Amino acid sequence: MYQWHIAGQGLNEIEAQFLTDYDMANVDIEFFHDLVHNIPAQVGELQERFAKHLDRSLDDLDPIELSLLRMGTYELLRRIDVPYKVAINETVNLAKRFGATDGYRYINGVLDKVAVECRAVEVAAEKRA
């Protein structure tokens, strides 16, 4: 998503590059394909979902944080097969690895709020447990 955002490279080209250049043996290729093609297709809706929880404008977000918020929000909205805590945790781990020093905290806070809105039943059940 970062590569698409920064370079404006075609999605099929990005996908082909990853499939060629990286060891994808342990990667769910269908899930990867879904993310690569559907996040950009729904970017406006995704950004609407998390933008209201930001303390700054979208233009002021670091490109990595923006890409990760899009990805995490997509998983929360569209991949209900992925538990909300897992979706947030995976995104936070990527932020720790690739983002700014404390960017992961920001990502976590925003995605927690998105989860309460779009996974209300799951979040409430988790809190009751």
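His37 is buried, its relative accessible area being 19%, where buried stands for under 20%, exposed for over 50% and partly exposed for anything in between (1.4 Å probe, protein chains only). This is a predicted model, with local features needing pLDDT of at least 70 and side-chain atom pairs counted only at pLDDT 80 or more, while totals for chains, interfaces and linings use all residues. Residues are numbered from 1 along each chain as its sequence is written, and side-chain values use heavy atoms, with hydrogens and water left out.

His37 sits in helix H3, which covers residues 29-41; helices here are DSSP runs of H or I with at least four residues, numbered from the N terminus. Setting aside residues up to four places away in sequence, His37 touches Leu11, Asn12 and Glu15, a contact being heavy atoms within 4.5 Å.

Over in helix H5 (residues 63-78) there is Thr73, which counts as buried because its relative accessibility is 0%. A polar atom of the Thr73 side chain lies 2.7 Å from the backbone oxygen of Leu69.

Val27 belongs to the loop between helix H2 (11-21) and H3. At 33% relative accessibility, Val27 is partly exposed.

Next comes the largest pocket, with a volume of about 990 Å³. A pocket is found on a 1 Å grid over the protein atoms alone, as an open set of points where a 1.4 Å probe fits, with protein on both sides within 12 Å along at least five of seven lines; lining residues have an atom within 4 Å of a point. Grid points are joined across faces, edges and corners, and the volume is the space filled by probe spheres set on the points. The lining has 23 residues, and those closest to the pocket centre are Phe18, Phe32, Met71, Leu94 and Phe98. At least two lining residues come from each of helix H1 (2-7), H2, H3, H5 and helix H6 (84-98), with H5 giving the largest share, five residues. By type, the lining splits into 16 nonpolar, two polar and five charged residues.

As for charge pairs, the count is nine salt bridges, each being a side-chain nitrogen of Lys or Arg within 4 Å of a carboxyl oxygen of Asp or Glu. Arg56 takes part in a salt bridge with Asp55 at 3.0 Å, N to O, and in another with Glu65 at 3.9 Å, N to O. Arg56 is partly exposed at 34% relative accessible area, whereas Asp55 is exposed at 59% and Glu65 is buried at 8%. Arg105 pairs with Asp102 in a salt bridge, with the closest N and O atoms 3.5 Å apart. Here Arg105 is exposed, with a relative accessible area of 55%, and Asp102 is partly exposed at 45%. Elsewhere, salt bridges that share partners tie Asp34, Arg79 and Asp81 into one network.

Terms used
A polar contact is a pair of N or O atoms within 3.5 Å; within protein, one must be able to donate a hydrogen and the other to accept it, and residues adjacent in sequence count only if both atoms are side-chain atoms. Ala, Val, Leu, Ile, Met, Phe, Trp, Tyr, Cys and Pro count as nonpolar, Asp, Glu, Lys and Arg as charged, and the others, Gly among them, as polar.
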